[in-house]
Amino acid sequence: IAHSEVGSVSMCPCGVITVSLQYLSLRFEPAAFAELQALLAFAQRRLDAGRAGPALQAAAPGDAPPMH
């Protein structure tokens, strides 16, 4: 359903979403994929805002988007 130089995202007929990055493939149910996307978007916003800190520290408790 999407691809770039970094990798690709595909979905099989059973609904499992596969994210492939070179030699690594991760499979997700749709809800888990949506959670991953929210987590990555949150991390990117922090990086863009310069809030990740010099050592790219982990977010404080309650700072990340809610996980289900």
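This is a predicted model: local features need pLDDT of at least 70, side-chain atom pairs count only at pLDDT 80 or more; totals for chains, interfaces and linings use all residues.
Q: What makes β1 and β2 a pair?
A: Pairing needs at least two bridges between the strands. Strand β1 (residues 2-3) and strand β2 (residues 8-11) have two bridges, in the antiparallel sense, so they count as paired. His-3 stands opposite Ser-8 in β2.

Q: Why do β2 and β3 count as paired?
A: Four bridges join β2 to strand β3 (residues 17-21), and the requirement is at least two, so the pair qualifies. The two strands run antiparallel, with Met-11 opposite Ile-17 in β3. Five residues lie between β2 and β3 in their hairpin, and Gly-15 in that turn has a positive phi of about 100 degrees.

Q: Why is Ser-20 called buried?
A: The relative accessible area of Ser-20 is 18%. Buried means under 20%, so Ser-20 in strand β3 falls in that class. Ser-20 touches Val-6, Gly-7, Ser-8 and Ser-25, leaving out residues up to four places away in sequence.

Q: How do you know that Ser-20 and Ser-25 make a polar contact?
A: Their side chains are joined at 3.3 Å. The cut-off for a pair of N or O atoms is within 3.5 Å, so the distance meets it.

Q: Why is Leu-26 called partly exposed?
A: Leu-26, in strand β4 (residues 24-28), has 37% relative accessibility. Buried means under 20% and exposed over 50%, so Leu-26 is in between.

Technical notes
Residues are numbered from 1 along each chain as its sequence is written. Side-chain values use heavy atoms; hydrogens and water are left out. Buried means under 20% relative accessible area, exposed over 50%, partly exposed in between (1.4 Å probe, protein chains only). A polar contact is a pair of N or O atoms within 3.5 Å; within protein, one must be able to donate a hydrogen and the other to accept it, and residues adjacent in sequence count only if both atoms are side-chain atoms. Contact means heavy atoms within 4.5 Å.
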